[in-house]
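Here is a short tour for anyone meeting this structure for the first time. Have a look at the sequence and the 3D view, then read on.

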Amino acid sequence: IDEPVEGAIGSGGFNTLYGHTAMYLYSTGKDTAMVNDANYTPLKVSTHNMNISGWVWVVPKDYQPKPTPKAPDTGIVKKD
């Protein structure tokens, strides 16, 4: 996927000592996100903000994005 979605599993940060495997929670800015990271603290899961530039993300095959809300129908018809 081009942009991670809530619950996506990502992998990246291999220039660090442990690398990272994380679940995406939400964006905190350009190329940064809050994640649950399995390798931020060795042998613990930590929730923190990190740079996710260049990460690879996957989602379950049956993933369905949240529907975009539609504007309510006001019943008003405009005529020219």
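Trp 57 is buried, with a relative accessible area of 7% (buried means under 20%, exposed over 50%, partly exposed in between, using a 1.4 Å probe and protein chains only). This is a predicted model, where local features need pLDDT of at least 70 and side-chain atom pairs count only at pLDDT 80 or more, while totals for chains, interfaces and linings use all residues. Residues are numbered from 1 along each chain as its sequence is written, and side-chain values use heavy atoms, leaving out hydrogens and water.

How many aromatic pairs are there? The count comes to two. Rings of Phe, Tyr and Trp (its six-membered ring) pair if their centres lie within 6.5 Å; planes under 30 degrees apart are stacked, over 60 edge-to-face, and the rest tilted.

| Pair | Type | Centre to centre | Between the planes |
|---|---|---|---|
| Tyr 24 and Trp 57 | edge-to-face | 5.6 Å | 80 degrees |
| Trp 55 and Trp 57 | stacked | 5.3 Å | 20 degrees |

Tyr 24 sits in strand β2 and Trp 57 in strand β5 (residues 56–58), so their pair ties together parts 33 residues apart in sequence. Strands here are DSSP runs (E, at least two residues), numbered from the N terminus. Tyr 24 counts as buried too, at 8% relative accessibility, and Trp 55 is also buried. Ring pairs link Tyr 24, Trp 55 and Trp 57 into a cluster.

Now for Met 23, which is also in strand β2 (residues 20–29). Met 23 is partly exposed, with a relative accessible area of 31%.

Definitions and conventions: Helices (H or I, at least four residues) and strands (E, at least two) are DSSP runs, numbered from the N terminus.
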